[in-house]
Amino acid sequence: MDYEKYLSPVANGLKPSGIRRFFDIAAEMDHVISLGVGEPDFKTPWAIRQEAVRTLEKGQTWYTANAGLLPLRQEIARYLKNAVGVEYHPKDEILVSVGGSEAIDLCVRALVQPGDEVLIPQPSFVCYDPIVQLAGGTPVIIQTKAENQFRLTPQELEEKITPSTKLLVLPYPNNPTGGVMKKEDLEAIAPVIEKHDLLVLSDEIYSELTYSGKHVSIASLPGMAQRTVVINGFSKSFAMTGWRLGYAAGPAPIIGLMVKIHQYAIMSAPTMSQYAAVEALKSCMSSVEEMRQEYNLRRRYLVDALNKMGLSCFEPEGAFYVFPSIQSTGLTSEEFCEKLLQKERVAVVPGNAFGECGEGHVRISYSYSINHLKEALKRIQRFVRQCQEETL
Amino acid sequence: MKDKLLSLLQQNARLTEEELAAMLNTTPEAVAKQMEEYEQSGIIRGYQAIIDEEKADQDLVTAIIELRVTPKKDMGFDAIAQIVANFDEVDSVYLMSGGYDLAVVVKGKGFKDIAMFVATRLSTLDSVLSTKTHFLLSRYKERGLFMNREEPDQRSEGF
């Protein structure tokens, strides 16, 4: 049977993730040390796990309200008031989703129709572009620059805006660069957003993991909350990736439409995860801080070691990635990753997997123990020295 | 930086001063100075490798011995513990609460060696009332490290 003619051309035409190829090679090899994962190495704090067990013991195994358990939405509202500085109404301005990813998908589907252009700064998480395409929209890439620490500047933003531009994706703290947008950076782009009457999808999933001052949300700027959908979740901050729980907060008409799509497609987010998340927000903020401090230690270690071996990196101020330049080796991102894997059995991700402008960089995750990082760094150093000698 | 330095050294005593300084946001000189202070004040007692001894030497046997003792007027628990600790065969000695007084970890070649050591050296001590010898059969975790299993990283890669 010729399935090609049945498959949706849009879905069929999506580019496969550039990350996968490497890990398929790596999976065939023995003794590979990976610095490739994009999730915490910590286990979910015990109190959260215990709450999920309690929920199961009590037999709370039904669907929840489509928008999520009301007590959870109330806790999220309380958290956001404190962390973002915006008051969201738990009843109609917050939606609990299956991970941050679903919330991104819902937001795009609720807003984007064919002909709409969606601005996506890169390097960034690989899902925005395909999600926009599936919604029939046109992704418009903004290539941010290493010299700006991969922040989005007002000029870069302005250049890509057309009359069809509807939505800006704002992925900070950033995966893969570790870059953040500080308050002054946000203040610089806010007038451009207002001038062109754009909406913002602010993906703040790494908001708890910043290392030089607290995360600032664009929604906290004057006049911006009404045009921003904030997306966040429990995966990175509470080390709850497998629980699949995220949320969106924003203007009631947009959230309402997202809830409508969500109720048809998903019904409701996992019930035990939601009960566990209530506990997370109520009692586990100190665990979040402990994990942040541990990441910070590893971050400083990696940045120092990489800079010393000639893989220069700016100081990543958020998430758990370092994005060093590999230009001193004379290799492209993909060559670097492939050779590093073959010669030293260390897996890192080529920067161009996150957009063309990531070329010349690699993403190194520090979601690993110090001992693991030490061994990996030893191997990377041996490899880099060899490359540098060869280019001389 | 103080407590964090200790916890890092406990995780890996081979981290260099430069590496520790980068992690703790200080200078290698400050790290060196702090470590020296810890060594001089006796907070850091030494740096040793954690060895899977059964793997390194298949004949090696470890026993944990419960000792009940009677402290006397001129010899308290400390003094008895010191005498026990002086034997080369003894790896560790702890004063315990509960059903017995001293826990003694002894290492030797073969069960017989240890049994003889207990019978001829420990039991015969004046203050020792009774001994109970437990042979260690398998190590699962030692000083925070899993001994018999690799912890596979179950996370999937990418993204």
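## A first look at chains A and B

The model is a predicted one: local features need pLDDT of at least 70, side-chain atom pairs count only at pLDDT 80 or more, and totals for chains, interfaces and linings use all residues. Residues are numbered from 1 along each chain as its sequence is written, while chains are lettered from A and ligands numbered from 1 in the order in which they are written. Helices here are DSSP runs of H or I with at least four residues, strands are runs of E with at least two, and both are numbered from the N terminus.

**Helix α2 of chain B**

- This helix covers residues 17–24 of chain B, and Glu19(B), Leu20(B), Ala21(B), Ala22(B) and Met23(B) in the helix are buried.

**Where chain B meets chain A**

- The contact involves 12 residues of chain B and 17 residues of chain A; two residues are in contact if their C-beta atoms, placed from the backbone, lie within 7 Å.
- On the chain B side, α1 (2–11) and α2 each supply at least two residues.
- The largest share of that side, three residues, comes from α2(B).
- Sorted by class, the side of chain B that touches chain A has four nonpolar, four polar and four charged residues.
- Nonpolar covers Ala, Val, Leu, Ile, Met, Phe, Trp, Tyr, Cys and Pro; charged covers Asp, Glu, Lys and Arg; the others, Gly among them, are polar.

**Two domains in chain A**

- Chain A is assigned domain 1 (3–43 + 286–391) and domain 2 (46–283), with bounds from an automatic or database domain assignment.
- Taken over C-alpha atoms, the centres of domain 1 and domain 2 of chain A are 25 Å apart.
- Their contact takes 35 residues from domain 1 of chain A and 32 residues from domain 2 of chain A.
- On the domain 1 side, α1 (9–13), α11 (285–308) and β9 (321–322) of chain A each supply at least two residues.
- With six residues, α11(A) gives the most to that side.

**A sheet in chain A**

- Three strands of chain A form an open sheet in the order β9-β12-β11, with antiparallel pairing.
- Strands pair if DSSP finds at least two bridges between them.
- β9 and β11 (349–350) of chain A are the edge strands, each pairing on one side only.
- Two bridges join β9(A) to β12 (residues 362–365) of chain A in the antiparallel sense.
- Val322(A) stands opposite Ile364(A) in β12(A).

Terms used
Buried ≥ 20, exposed ≤ 12 C-beta atoms within 10 Å, placed from the backbone.
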